Amino acid sequence: MKIILFDIDGTLISAGGAGTRALNKAFEQILGIKDAFKNFEMAGKTDVQIIKEGLIASGFKPSNVLVSELIESYLENLSIEINNNSKHLKPGVKEFIELIYHELKYPMGLLTGNLEKGARIKLEPFGLNTFFPFGAFGSDHEDRNYLLPVAIERFSRTFNYNIDFQQCIVVGDTPRDVACAKPYGATVIAVATGPYSVEKLKTTGADVVVENLLEISKILTLLS
């Protein structure tokens, strides 16, 4: 038994900038700050981490009340911003998911910095939510490095089947995806469909690095 855990942004999809626009609008609506996340590095971080860092950068103390208000505004805006013509699936995603679902029949879940509701909003236009009945999200912990145990516990509850970390394969596009999985002994497939090159991802300790998920032959050995 293997379980495959996917990051979302840069790995499965591009949301066409919807997340950044929604965060900017939230900060403008709640705090009156425009373009709060201009030139802000977000890749691989959790949504709560991003919001807190954005608050500190803007001179605000990230209180729980303020973070909650921004999250509510962000999610409302995200549900609107996701309806854009620039969003798209990353190369090979459709084929890879169909291979796992129909042929290998391994359970698939999410391991993402997105808030759970935000993750579902982003995946809904692509019809992907049904493939991922469980996962761990940025709403579970603001530190991505604590999310893999959450994903395993959710899998066990959903399928009534216990697994260990060595049976997990994490698919992601940033060094943070590798860092949140390798210390536990999980296998990592790093894909260069986000902001990091193949060369950069090869320095992270990922088990396999590919340009995109069309490179099935390089990945299959990890799935057997």
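A residue is called buried when its relative accessible area is under 20%, exposed when it is over 50%, and partly exposed in between. The structure discussed here is a predicted model.

Ser14 belongs to strand S2, which covers residues 13–14. Its relative accessible area is 19%, so Ser14 counts as buried. The side chain of Ser14 comes to 3.2 Å from the backbone nitrogen of Gly16. When residues up to four places away in sequence are not counted, Ser14 touches Lys87, His88, Lys90 and Phe126.

Met1 sits in the segment before strand S1 (3–6). Is Met1 buried, exposed or partly exposed? With 43% relative accessibility, Met1 is partly exposed. Together with Phe159 and Tyr161, Met1 makes a nonpolar surface patch of about 290 Å².

The two residues compare with the cut-offs as follows.

| Residue | Relative accessibility | Class |
|---|---|---|
| Ser14 | 19% | buried |
| Met1 | 43% | partly exposed |

The largest nonpolar core has 52 residues, and Ile4, Phe6, Leu12 and Phe132 have the most contacts inside it. Helix H3 (residues 64–81) supplies the largest share of this core, seven residues. Another core, of 24 residues, lies apart from it and includes Leu147, Ile152, Phe155 and Val198.

Which residues does Phe132 contact, leaving aside neighbours within four places in sequence? Phe132 is in contact with Phe6, Leu12, Ile97, Met108, Gly109, Leu110, Arg120 and Leu123. Among these partners, Phe6 and Leu12 are also named with Phe132 as residues with the most contacts inside the largest nonpolar core.

Terms used. Residues numbered from 1 in each chain as written. Predicted model: local features only at pLDDT ≥ 70, side-chain atom pairs only at ≥ 80, totals over all residues. Heavy atoms only, no water. Core = buried A, V, L, I, M, F, W, Y, C linked by side-chain atoms within 4.5 Å. Buried < 20%, exposed > 50% of the residue type's maximum accessible area, 1.4 Å probe, protein only. Helix = DSSP H or I, 4+ residues; strand = E, 2+ residues; numbered from the N terminus. Contact = heavy atoms within 4.5 Å. Patch = residues over 30% accessible without salt bridge, like charges linked within 9 Å, V, L, I, M, F, W, Y side chains within 5 Å. Areas by Shrake-Rupley, 256 points an atom, 1.4 Å probe, with all protein chains shown as cover. Salt bridge = Lys/Arg side-chain N within 4 Å of Asp/Glu carboxyl O. Polar contact = N/O pair within 3.5 Å; in protein donor to acceptor, adjacent residues only side chain to side chain.
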